[in-house]
Amino acid sequence: MSGKKVAEVAVKAGRAIDWDGMAKMLVSEEARKEFATLRRTFEDVNHQLQTKYSQEPQPIDWEYYRKGIGSKVVDMYKEAYDSIEIPKYVDTVTPEYKPKFDALVVELKEAEKISLKESERIEKEIAELKEMKKKISTMTADEYFEKHPELRQKFDDEIRNDYWGY
């Protein structure tokens, strides 16, 4: 992969990450600190990839060196330089771990959905409790049982069966 290609991939990867969305899911202060460190590290590496590897190396001015050193030595170095073959990187890791990673992403999205539903349920319950707290001093038994009909049935059964809790 060429330097420019590495830089392009780094830019795309940086855009694809929803940092703010992930940060909203963190609950502990320690997790937030770790996440901030991860984000800074990612951005540092991404910046290095974009700057260092996005530029092609400057071509060597062989004529300049021939004038100063002599053509025999420079030609020997040029020949050695031209004979160097840099092996192409073959990614054997990504194909092995990509399916596992994709499965984890699916699993995490399902867990996120469940968590959001549970959060909504809890928020609703909290709102109901806050409302009840405001009204508790003036609430009648009928108003309470209107919101909790299952308890009305339980109390009616206990009274009918002459059960007074002792």
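This report walks through the helices, surface patch, aromatic pairs, pocket and salt bridges of one predicted protein model.

A bit of bookkeeping comes before the structure. Residue numbers start from 1 along each chain as its sequence is written, and side-chain values use heavy atoms, with hydrogens and water left out. Since the model is predicted, local features need pLDDT of at least 70 and side-chain atom pairs count only at pLDDT 80 or more, while totals for chains, interfaces and linings use all residues.

**Overall layout**

The protein chain has eight helices and zero strands, with helices being DSSP runs of H or I of at least four residues, strands being E runs of at least two, and numbering from the N terminus. Of the 166 residues in the chain, 7% are buried. Here buried means under 20% relative accessible area, exposed means over 50%, and partly exposed is in between, with a 1.4 Å probe and protein chains only.

**The nonpolar patch**

On the surface, Ile 60, Tyr 64, Tyr 65, Ile 69, Val 73, Met 76, Tyr 77, Tyr 81, Ile 84 and Ile 86 form a nonpolar patch with about 1100 Å² of accessible area together. Patch residues have over 30% relative accessible area and no salt bridge, and nonpolar side chains are joined within 5 Å; the areas come from the Shrake-Rupley method with a 1.4 Å probe. Helix H4 (62-69) and helix H5 (71-83) are the elements that give two or more residues to the patch, and H5 gives the most, with four.

**Aromatic pairs**

The whole structure holds four aromatic pairs. Rings of Phe, Tyr and Trp (its six-membered ring) pair if their centres lie within 6.5 Å, and planes under 30 degrees apart count as stacked, over 60 as edge-to-face and the rest as tilted. Tyr 64, found in helix H4, is exposed at 57% relative accessibility, whereas Tyr 65 is partly exposed at 39%. Elsewhere, Tyr 144, Phe 145 and Phe 155 form one aromatic cluster.

**The largest pocket**

The largest pocket has a volume of about 460 Å³. A pocket is an open set of points on a 1 Å grid over the protein atoms alone, where a 1.4 Å probe fits, with protein on both sides within 12 Å along at least five of seven lines; lining residues have an atom within 4 Å of a point. The volume is the space filled by probe spheres set on the points. Among the lining residues are Ile 17, Met 22, Met 25, Phe 101, Val 105 and Lys 109. Helix H2 (19-24) and helix H6 (93-135) each supply at least two lining residues, and H6 gives the most, with six.

**Salt bridges**

There are 14 salt bridges in the whole structure, each a side-chain nitrogen of Lys or Arg within 4 Å of a carboxyl oxygen of Asp or Glu. Three of them are listed here.

| Pair | N to O distance |
|---|---|
| Asp 75 and Arg 66 | 2.5 Å |
| Glu 110 and Lys 113 | 3.7 Å |
| Arg 152 and Asp 142 | 3.3 Å |

Arg 152 lies in helix H8 (residues 149-160) and Asp 142 in helix H7 (residues 141-147), so their bridge ties together parts that are 10 residues apart in sequence. Salt bridges that share partners also join Asp 20, Arg 39 and Glu 43 into one network. Glu 110 and Lys 113 are three residues apart in helix H6, and so are separated by about one helical turn.

Key: Patches are made of residues with over 30% relative accessible area and no salt bridge: like charges are joined within 9 Å, nonpolar side chains (Val, Leu, Ile, Met, Phe, Trp, Tyr) within 5 Å.
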